[in-house]
Structures are given as C-alpha cells and as structure tokens.
Amino acid sequence: MEINDIVMQFIGTENYNLSPITDGLINTTYLLEDRDRNEKFILQKINHHVFRQPEVIVNNHLMINELLRSNNYQFQIIEPIPSLTHKLLVKDANDEPWRMLSFVENSITFLTAPSLQTAFEAAKTFSYFLSIVNTEKLPAIEDTLPNFLNFEKRIADYKKALENAAPQLKENAKAEIEITNQLISLPDQWIEMEKTNQIPKRIIHADVKISNILFDQNHLPLAVIDLDTMMISTILYDFGTMIQSYTNTTHEDDGSAKNNFNPEMYKVVKEGFLFYLKEKLTQEEASHLDYAAQVAIYIQEVRFLTDYLNGSVYYSTKYPDHNLDRTRNQLELLKGLRAYLEC
C-alpha cells in the first residue's frame, strides 16, 4: 500500500501536499496539507520495531488527553484524528501502522534551547503538564516500551554488545569504552532506589526534550507533543533527560564538541522543573535531582554506544560513526555537568 492510499483513508482526497518532518529519530513523520479543506495534519508511520504494540500508544494518548481536559489544562491538546472508517490506526501493505494527529498552526520547534528564557518556559511547561497528569489516582496507562527505563538491563545490554562487537568497532570506540567502564556503577543507586521503592511511581513523559514542545512565534509554549513514551516510572527520569537535552550547547550529533555543558541553562531548567512540582516531590526525589541528571546523560551515552557496538541497528544514522559521535557528545556533556556539581 503506497502512502497515497494511507492519505486517502484519512482524508479521502488526492488534492494534498505531503512534506517530511525529519527531526525524529524513531517514527516517520509528515506534514499533511488537505488542499480541499485547507486543513493541516500530522501524518505518522509508527516504527513498529520499536513500538511493538501501537494500539497501546493510541489508548494511552486518549487517556492522557482525557486527564488533561478534565483538569482544565491550559495548553493545546494534540488530538488523534480517525480515518474515514473511524480507525485511529491504519495498516499499510507491510503491516506498518499509520496515524493522523491534529496540527497546531503557527507553531515552531527547537532542537536546542535558543535562550535561557525559552528553556525556562519549556521546563515550566513540562512541570505543569506533569503536575496535571499526576493525580491522586493514576490512570491505567500501559508501558509502550517494556524495559525502556530498566537501567540494569541497559548496562547488561551494553556489556553484551561490548563482548560481541566487531573488533574494528571496539577499536574505534576504545577511548569511549574506557570512560564508560569507569562510570559503570553510576546508575547503581538509582537501580537500588527503584527496587526498594524509595521513590514513588508517577506518570512521566519520558521524552522531555525541548523539541517536544511547540512554541509560538514569541517563543511562548503552545503544546506538549509526542506522548508515545508516556509511562509510569520515576519523575527523576524526566528531570534528568530535560537536563540532558537542554544544557547541551551543541547538537547531540557533534562528536567534536568541547565544553558543551551550559551551567546557566542547568539553573533555569531546574527552576522551571520545580515551578509546579516543588511541593509535590518527596524529599527523596528532590534530593536526587542532581544525581538524576548525571544518570540520564550517562544512560543515553550508554545507549548510543551500545547501538554503535551492535552495528547501529536502533537509531537512525547518516554515516558509520554517527552513534559514536553521539556517544562522544554525551560524555563531554556529562564531564561538564559533573565538574559543575563538584564546584
């Protein structure tokens, strides 16, 4: 089934324009313009190799949207748009699932925070979003990515990849492997806190990079997007990945970056994250925010390095050492953060 057939099932016309959106690493995304009705949508092919139960993504999205609406959420809500036969997922000839989502007009996104103020607004927006969805009784959302936040498994997967990697890949990544191994115990305390229930389970977004907020032309937030990874876990992960995303002064593909950690960005992101959540966090959560930032960066580095050693089978890559450059970038970011926290 060609993409035209997918489009027809959703909007029923061949009078449309389709433009690829290339920011994402996992799904394939397009801006779909229906010229007959002068409407725009997001059309997306879900990567079913990563999201093996796309129906769960849709169900979770509906539950989260209902939670937002029932609590008078102040930002725009991204709505799933059904096909002409009332299906929220349409399968193509390769059995790959497609969906359509509402489009927010006059919105822009950023791969990196353009200013401290924008970073603060983004962190505050996620803080608000998380405060709204974390009600007294959590909805029964399902895990779309089993073991995604199983750091014990992440480390085990890395060790297995290292053991089985091609000799040339290990040689290329020799310096990065050495640093990774020196820090291998960094996630241990996190793993122990989860095992012993020292930190509460909460609904988290799990992909709080700044590109998952839509802004208006004045850099004010309009909407939180990409709810595919929402799950029940520790909110420390959202803070950690927020720092991993926002404080990097370069793009994560830049393997030659030096001194790419921005301490001022760290301060404003932490302030924004606590804006709506400060009174909701337990003492254990609040006291481990700095630690969580280190672990989140380290685990992301481990994931990039693991994929590199496995032959780059998970992340989209544009050249052979792409994942190795991403690894180097994260190690430099972690180095800067640890130096800042030790001051």
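Trainee: Which residues have the most contacts inside the largest nonpolar core?

Mentor: The model is a predicted one. Its largest nonpolar core has 83 residues, and helix 11 (residues 289-309) gives the most to this core, with twelve residues. Those with the most contacts inside the core are Ile64, Phe129, Tyr246, Val269, Phe273 and Leu309.

Trainee: Is Phe75 buried or exposed?

Mentor: A residue counts as buried under 20% relative accessible area. The relative accessibility of Phe75 is 16%, so Phe75 counts as buried.

Trainee: What is the angle between the planes of Tyr73 and Phe129?

Mentor: An aromatic pair is formed by Tyr73 and Phe129, with 6.0 Å centre to centre. Planes over 60 degrees apart count as edge-to-face. The pair is edge-to-face, and the angle between its planes is 75°.

Trainee: How many residues apart in sequence are the parts that this pair ties together?

Mentor: Tyr73 lies in the loop between helix 2 (54-70) and strand 4 (80-81), whereas Phe129 belongs to helix 3 (residues 116-133). The pair therefore ties together parts whose separation in sequence is 56 residues.

Trainee: Which residue lies over the face of Phe275?

Mentor: Phe275 belongs to a cluster linked by ring pairs, which also includes Tyr73 and Phe129. At 4.8 Å from the ring centre of Phe275, the residue over its face is Lys124.

Definitions and conventions: Residues are numbered from 1 along each chain as its sequence is written. This is a predicted model: local features need pLDDT of at least 70, side-chain atom pairs count only at pLDDT 80 or more; totals for chains, interfaces and linings use all residues. Side-chain values use heavy atoms; hydrogens and water are left out. Buried means under 20% relative accessible area, exposed over 50%, partly exposed in between (1.4 Å probe, protein chains only). Rings of Phe, Tyr and Trp (its six-membered ring) pair if their centres lie within 6.5 Å; planes under 30 degrees apart count as stacked, over 60 as edge-to-face and the rest as tilted. Helices (H or I, at least four residues) and strands (E, at least two) are DSSP runs, numbered from the N terminus. A charge sits over a ring if NZ of Lys or CZ of Arg is within 6 Å of the ring centre and within 35 degrees of the ring normal. A nonpolar core is a set of buried Ala, Val, Leu, Ile, Met, Phe, Trp, Tyr and Cys residues joined through side-chain atoms within 4.5 Å.
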